[in-house]
Amino acid sequence: MNWIDHTATRIAKVIRENYESAASEKVLYYALSLLINTSTAIFLTLIIAFFTNHLLNAIIAVISFLLIRNISGGFHLRSSLACCVFSTILLITFTHSTYKFTYLGYFFNFISLLIMLFKAPFGIENFSKIQKKHYPYLKIIAVLAVTSNFFIQSSLLASVYIGQSLTLSTLVYKLVTRLEGSFYGEKENCKIC
């Protein structure tokens, strides 16, 4: 058990012991591990960005990534620690992506647009309370967000969108879960949550 899971378990037990009307320990654990995971990734990103003078980029990257991730979905890793590390690496990469939008930005946007058109929303069934009948609207919002960057021409947003759209890809999912499994000494037996 990693430190995120351990902390979430301890807090969930304390909450259940002191508040009888609280949700089940399992529900509390899940919510707390997600909160600790996300908060840690954001905190680390902002601290690193502060010391590298990219704080504004980090804030934009975090907000835009969280928004597009909630709209379009994406794969989930089994381990909260692996998810935290992966998210932190992505956010730091987005924050420090500096290139001219011409060519590379257009290319990233175009690939992101295609993936969003065909795959979004993906893997949100067990993580969102949004009904399936509203999924086409999520797709439209994701596509509009990516399309807007053809006019904004932000290399930062292009990086966020390509990074997030790749989490919708089955090929990238298999690659990442294989790496995660090899890190834990397991065979690939992950499933999309």
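**Figure 1. Asparagine 53 in the loop between α2 and α3.** Asparagine 53 is located in the loop that joins α2 to α3, in a model that is predicted, where local features need pLDDT of at least 70, side-chain atom pairs count only at pLDDT 80 or more, and totals for chains, interfaces and linings use all residues. Residues are numbered from 1 along each chain as its sequence is written, and side-chain values use heavy atoms, with hydrogens and water left out. Helices (H or I, at least four residues) and strands (E, at least two) are DSSP runs, numbered from the N terminus. The phi angle of asparagine 53 is near 60°, a positive value in a residue other than glycine. Asparagine 53 counts as exposed because its relative accessibility is 72%; here buried means under 20% relative accessible area, exposed over 50%, and partly exposed in between (1.4 Å probe, protein chains only).

**Figure 2. Glutamine 153 in the loop between α6 and α7.** The loop between α6 and α7 holds glutamine 153. Its phi is near 60°, a positive value in a residue other than glycine. With 40% relative accessibility, glutamine 153 counts as partly exposed.

**Figure 3. The peptide bond from alanine 120 to proline 121.** This bond is cis, with omega near -15°. Proline 121 belongs to the loop between α5 and α6.

**Figure 4. Helix α5 and its cover.** Helix α5 comprises residues 101-119, and its buried residues are Phe101, Gly105, Phe108, Asn109, Ser112, Leu113, Ile115 and Met116. The cover over these buried residues includes α3 (55-72), α6 (135-152) and α7 (155-166). An α-helix has 3.6 residues a turn, so residues three or four places apart point the same way.

**Figure 5. Threonine 45 in helix α2.** Helix α2 spans residues 25-51 and contains threonine 45. Threonine 45 counts as buried because its relative accessibility is 1%. Not counting residues up to four places away in sequence, threonine 45 touches Ala58, Val62, Thr88, Leu91, Ile92 and Thr95; contact means heavy atoms within 4.5 Å.

**Figure 6. Alanine 31 in helix α2.** Alanine 31 also has its place in helix α2. The residue is partly exposed, with a relative accessible area of 43%. From C-alpha to C-alpha, alanine 31 and asparagine 109 are 33 Å apart in space, and they are 78 residues apart in sequence.

**Figure 7. Glycine 73 in the loop between α3 and α4.** Glycine 73 lies in the loop between α3 and α4 (80-95). A relative accessible area of 4% is why glycine 73 counts as buried. Leaving aside neighbours within four places in sequence, glycine 73 is in contact with Ile68, Phe122, Ile124, Gln164, Thr167 and Leu168. The C-alpha atoms of glycine 73 and isoleucine 15 are separated by 30 Å, and the two residues are 58 residues apart along the chain.

**Figure 8. Serine 80 in helix α4.** Helix α4 includes serine 80. Serine 80 is buried, with a relative accessible area of 9%. Leaving aside neighbours within four places in sequence, serine 80 is in contact with Asn2, Ile4, Asp5 and Asn37. Of these, asparagine 37 is 43 residues from serine 80 in sequence and 6.3 Å from it in space, C-alpha to C-alpha.

**Figure 9. Residues 187-193 and the confidence of the model.** The average pLDDT of the protein chain is 84, and 91% of the residues score at least 70; pLDDT is the predictor's confidence in each residue, from 0 to 100. Over residues 187-193 the pLDDT is below 50, and this stretch has 16 contacts in the model beyond near neighbours in sequence. Where pLDDT is low, the predicted coordinates should not be read in detail.

**Figure 10. The protein chain as context for the close-up views.** The protein chain contains eight helices and zero strands. Its C-alpha atoms fill a box of roughly 55 × 45 × 35 Å along the principal axes. Of its 193 residues, 42% count as buried. Among contacts between residues at least 6 apart in sequence, 73% join residues at least 24 apart.
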